[in-house]
Amino acid sequence: MSATVRPDLVTNLADGEWHRLHPASPLLRGGLVFIAVLGFIIANLRERLVDMFLVIFAPEVRGDVDERFGAWRGDWANDPIGGIVTQGLVGWAIAGLAVVIVAVIVGFWLSWRMHTFRVTHEAVEVRSGILFRSHRSARLDRIQGINVTRPVFARLFGTAKLEVSVAGQSANVQLSYLGSALADGLRADILRMASGARAEKAEKAAKAADAADAADAAGTPHGAGADEAAAREGRTPVSAVIGHRVDEFLAPELDPSLAPPESVVHLPLGRVIGSTLLGGSTVWIVILIAVIAVGLSTGQLWVLFSFVPAAIGLVSYAWNRITKSLRYSIAGTPDGVRIGHGLLSTGNQTIPPGRIHAVEVRQWILWRPFGWWSIHINVAGQSVSASNDAAQRTLVLPVGTLADVHRVLRLLLPDAASAVEPLVDAGLLGGDGDGGYSRTPQRAAWIRPFSWRRIGWAATGGVALLRRGWLLRSLTLVPLARMQSVAVTVGPIQRMLRLAAVRIHTVTGPVTAVLPVADRAEAAGLFERLAGEAVERAANDTSHHWGAGVRAESADAR
């Protein structure tokens, strides 16, 4: 039974029917590795292969072969290719190789054929596997974000990988690979279906669909428009495809039509390089180089095996940080916050509203003279020990100015931006109870001698703000509607000083919301306030429904 296609959808992939991935998907997932291994084997055995053909097809040069490589039979007896030749099994070897190649091709075809997906009004489902079948499902109401990545080889084929992030560990659903434009369109469809959006967007999409149907009725085949345009311009379809690929490589990761220019935050290249050179990894690189130099000057060669790999790893980390921050952009779109990055291999992430559980603004001490800050977030489905790609998704601003911080916070916490913004500057730069934050008693200096003046908290607009740190300044913002729990801890030294610590628990991630020290009575009062307000805010929270129709209904209800 065919599903009804919604008129507000961008693609026809979210119609509830099963669809297949891009035909090049098996090649991009595993075929490139197979080709690389085959090329490596041929490159290492090329001399043996040349000799084999000389021995078989040019017996007159066999003496030259023996003279260069030793006695032909004796030397080749221990060589796999030599054994095949001496035993007269060349024909069987070629037949076996042909069978392997055919089996690989058939396996790739079956892998593509058996890998299907569908998008319904409830979930994104994927079925895969040849011998062992698997069926994964991601509920739309549990979606935390949708990521579209384009590795450099995938971009050559005009494809992209779409990953649906849902709450829960290892619960994400991947579609590797789709056509690049289809991946962007399907992401918009999934987000729109998850949000419940309707109203004028549906009407505009319906008009566009009617226009497309009229073109089909006129006999225009799907995808023929590009070829006809190319023909009118005097180009062949192949050159049109190449031109399209070049345009994709040069195009910005964020479509300018999705967000107004004033809402987009870009990172200058000089700032990216400078912040990396002044980061903590650079300090460790300098220390390791000094240790290696001292060790070599004193004849301690063991340092080469102990510290050189660590130095190489740190340099690689710094380089990856620079390359992944190139062409970085953050902007607000109708479906959430869009974060794009990358030069050759690119990626972008869309975080729908209501999915951010904690935000932390950080400043490393060496960044302080330049006024640079970074912003990390906690979202469900990510973990501290996740891969580099997953860790990259929790870094929404690698390095930015104070003005950039304000703009990004307005994107991440739109409902509370007006209430929180007056407290941001004091939370980042202030101390000793100024700017609306609590004052930490002086006896806390016994525990936090350098940072006790900066430690403080504030709460407004349904957001708790915690500031702390001296070497690494930080301001943590937690929407109380998504707070998991709150705890007050008192250690033996804190008990003697009548102090306590308060921790707000959120989903796992790089952000830890903790107030290291506070007066015990104040900590108890903060505990009661946060616990009570969190229940009230969670009951009235509608930020996870961001469709136009939902917002209109909420406004009418108010």
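Me: Among contacts between residues at least 6 apart in sequence, what share joins residues at least 24 apart?
Reply: This is a predicted model. Contact here means heavy atoms within 4.5 Å. Of the contacts in the protein between residues at least 6 apart in sequence, those joining residues at least 24 apart make up 59%.

Me: How many helices and strands are there in the protein, and what percentage of its residues is buried?
Reply: The protein has 20 helices and 20 strands. Buried means under 20% relative accessible area. Of the 558 residues, the buried share is 43%.

Me: Is strand β17 enclosed or open, and why?
Reply: Strand β17 covers residues 472-479. Seven of its eight residues are buried.

Me: Which residue of β17 stands opposite Arg362?
Reply: Arg362 belongs to the pairing of β12 (residues 356-364) with β17. That pairing is antiparallel and runs over six bridges. The residue opposite Arg362 in β17 is Ser474.

Me: Which residue in the turn between β16 and β17 has a positive phi?
Reply: Strand β16 (residues 463-468) pairs with β17 in the antiparallel sense, over six bridges. Leu465 stands opposite Leu477 in β17. The two strands form a hairpin with three residues between them. The turn residue with a positive phi, about 95 degrees, is Gly469.

Me: How are α12 and α14 oriented to each other, roughly parallel or roughly antiparallel?
Reply: Helix α12 (residues 269-277) packs against helix α14 (residues 302-325) at about 160 degrees, with the axes 10 Å apart. Angles over 145 degrees count as roughly antiparallel. The two helices are therefore roughly antiparallel.

Me: How many residues of the contact of α12 with α14 are nonpolar?
Reply: On the α12 side, the contact is made by Val272, Ile273 and Thr276. On the α14 side, Ala318, Arg321, Ile322 and Ser325 take part. Two of the contact residues are polar and one is charged. The nonpolar ones number four.

Technical notes:
Residues are numbered from 1 along each chain as its sequence is written. This is a predicted model: local features need pLDDT of at least 70, side-chain atom pairs count only at pLDDT 80 or more; totals for chains, interfaces and linings use all residues. Side-chain values use heavy atoms; hydrogens and water are left out. Axes are lines fitted to C-alpha atoms, for helices over the stretch in contact, and angles run from 0 to 180 degrees between N-to-C directions. Helices (H or I, at least four residues) and strands (E, at least two) are DSSP runs, numbered from the N terminus. Angles under 35 degrees count as roughly parallel, over 145 as roughly antiparallel, 65 to 115 as roughly perpendicular and the rest as oblique. Ala, Val, Leu, Ile, Met, Phe, Trp, Tyr, Cys and Pro count as nonpolar, Asp, Glu, Lys and Arg as charged, and the others, Gly among them, as polar. Buried means under 20% relative accessible area, exposed over 50%, partly exposed in between (1.4 Å probe, protein chains only). Two strands pair if DSSP finds at least two bridges between them.
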